[in-house]
Amino acid sequence: MTTSTIPAFAAPAAKAPLERTTVPRRELGPHDILIDIAYAGICHSDIHQVNEEWGPAIFPMVPGHEIAGTVAAVGSAVTRHQVGDRVGVGCLVDSCGECEQCQAGFEQFCSGPGGATGTYNDTGRDGEPTYGGYAKQVVVTERFALKIPEGIPLDTAAPLLCAGITTYSPLDRFGAGPGKKVAVVGLGGLGHMAVKIAHAKGAEVTVLSQSLRKRDEGLKLGADHYYATGDATTFEKLAGSFDLIVNTVSAEIDLNAYLALLKPNGALVQVGAPPVPVPVAVFSLIGGNKTLAGSMIGGIPQTQEMLDFCAEHGIGAEVEVIRADQINEAYTRVLNSDVRYRFVIDTATI
């Protein structure tokens, strides 16, 4: 298959600073679309993968799976999109499309040959590496491009393709809504989206953060209550309070202490991924029929549902738009929790 060359920012090796370069992009197949990328969000997982913290990686690596832009060209058999459409691409760019999970709309769990294909740091079905959104353009199969409704600006839409669906999925799965008390652990890139979405779904929302430093911001985003987990009395006051807790932080926390905050039959859902195993006492679950669950992203149908929901409720990410030459600085700031709440790259500056 022939390719063209696209300007991009890439990490040439593990832990290396990202630098301006060019990478190959395949030419359009019959079911492919070419997207002119307008904005690309910076996700903490980009940093994990550049640093090879999740296992061996493919370099040079162009990160980025929070992509928003417009369709520039379509393949001969494309039916879902046309030139000029506002579209987004999230964490996946392909799957077998035929297995039980794909047919059910859970492409992220594809059990077919090769499984799901990641937007970057993966190998596509053509045998070539995939490159992500820190670039001027991307080519994807039409099934994995989502329609971005007109009600959401592209810069604030980009993080919805990862942070938005990562938090929407467990909130939807565990029934966040009127009459439900939902706690969100952490008010960062994921946490602020969880607060906005849970509030829009009609739940009573509490933020549990290390300190009260972001209290005013959390309440403005839609939280009804805000507590500091650094205050030992918080866990006494809130014991048995919540129907659902969504933990968005990747740090090690005492899961048993948080399980004690659930009502009987409540659920604690992990979307943050600590780097080491975290111990859980079985009696923390048995006492109260409680659930400890994990949640990844959603499939393509649920991701589209999330975008439509966000447009209906006027929800976008809180973003700081940066130039491409600020990416390495932004990585440092993410690690220092110095962002409100998601960096988004203006790809016109690549």
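Strand β3 and strand β17 (residues 342–346) pair in the antiparallel sense over three bridges; two strands pair if DSSP finds at least two bridges between them. Strands are DSSP runs (E, at least two residues), and helices are too (H or I, at least four), numbered from the N terminus. Gly-41 stands opposite Val-344 in β17. The model is predicted: local features need pLDDT of at least 70, side-chain atom pairs count only at pLDDT 80 or more, and totals for chains, interfaces and linings use all residues. Residues are numbered from 1 along each chain as its sequence is written, and side-chain values use heavy atoms, without hydrogens and water.

β3 has other partners. Seven bridges join β3 to the antiparallel strand β4 (residues 67–74). There, Ile-37 has Gly-69 as its bridge partner. Five bridges link β3 with β8 (residues 137–141), again antiparallel. Seven of the 10 residues of β3 (residues 32–41) are buried, so the strand is largely enclosed by the rest of the structure. Buried means under 20% relative accessible area, exposed over 50%, and partly exposed in between (1.4 Å probe, protein chains only).

Now the open sheet. Six strands form it with parallel pairing, in the order β12-β11-β10-β13-β14-β15. β12 (225–228) and β15 (291–294) stand at the edges with a single partner strand each, so one side of each lacks a neighbour in the sheet. β11 (residues 204–209) and β12 pair over four bridges, in the parallel sense. Val-207 stands opposite Tyr-226 in β12.
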